[in-house]
Amino acid sequence: MIDDQKKLAQIRNKEAATGGLALGLSLFIVIILDYLFSFSISAGYISSILNFALIAGLLYYFTKRYGIARGDLGMTYGNGYSFILLTMIFAGIIYGALYFVQSNYIDPAYYKNLQEQVIINNPQLTDVQKDQALQVMSGVMSNPLVVIISTIFSTLLMGAFVGLVVAVFTKRAPVLFNNEINEEEKEQESTSLKEE
């Protein structure tokens, strides 16, 4: 029984890590596409729709795959939902690490300008508050741990909402009777009927 639980946990962790890797890379590719096409006004809307579609689609695919890997045990709503949250944690780690590299080493000027625009265009802040916010933002974005933890939190939040629906469509009932045994019994019955 304990070996079965360990095996099941290993399957869950492997599938969640694989799904998290795929999802984290996919979300990062959307950021790169948004970065490359930032001149377009509609790029923000397109990237938001693409983010949602990727999250929903990949979570569905990997959760369904995990449910199949569980075999005859099936998968309850809770099993699927907890798997989705674990997958989103892995995705947040991958996405956060890649985002940190992009914003600090590949093109830091672009991201600094983006942060400045967000803060400067906020009418509720005074000039002193804007300067303080810029200093805090530049300090926060240069710390990889803060970036990774914040992306874990944001991906986990997105996954929590999307996962509520995905888990409904990916749950599977357990197999109560093993079909192989039933087939063997049918063969035995048919041979015994032939003998009579």
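Reader: Rings first. How many aromatic pairs does a search of the whole structure find?
Author: Five aromatic pairs turn up in the search of the whole structure. Keep in mind that this is a predicted model.
Reader: Take Tyr66 and Phe83. Why is the pair called stacked?
Author: The ring centres of Tyr66 and Phe83 are 4.5 Å apart and the planes sit at 10°, so the pair counts as stacked. Planes under 30 degrees apart get that label.
Reader: Which helices do Tyr66 and Phe83 lie in?
Author: Tyr66 is in helix H2, residues 43–69, and Phe83 is in helix H3, so the pair ties together parts 17 residues apart in sequence.
Reader: Buried or exposed?
Author: Tyr66 and Phe83 are both buried.
Reader: And what about Tyr95 and Tyr99?
Author: That aromatic pair is tilted, with 6.3 Å between centres and 40° between planes. Tyr95 and Tyr99 both belong to helix H3, four residues apart, or about one turn of the helix. Each of the two, Tyr95 and Tyr99, is buried.
Reader: Switching to H4. How many residues, and what reach?
Author: H4 covers residues 108–120, 13 residues in total. From first C-alpha to last, H4 reaches 18 Å, close to the 18 Å expected at 1.5 Å a residue.
Reader: Which residues in H4 are buried?
Author: Tyr111, Gln115 and Ile119. Down the axis of H4, the buried residues fall within an arc of 75°, so they line one face of the helix.

Definitions and conventions. Residues are numbered from 1 along each chain as its sequence is written. This is a predicted model: local features need pLDDT of at least 70, side-chain atom pairs count only at pLDDT 80 or more; totals for chains, interfaces and linings use all residues. Side-chain values use heavy atoms; hydrogens and water are left out. Helices (H or I, at least four residues) and strands (E, at least two) are DSSP runs, numbered from the N terminus. The expected span of a helix is 1.5 Å times one less than its number of residues. Buried means under 20% relative accessible area, exposed over 50%, partly exposed in between (1.4 Å probe, protein chains only). The arc is that of the directions from the helix axis to the C-beta atoms. Rings of Phe, Tyr and Trp (its six-membered ring) pair if their centres lie within 6.5 Å; planes under 30 degrees apart count as stacked, over 60 as edge-to-face and the rest as tilted.
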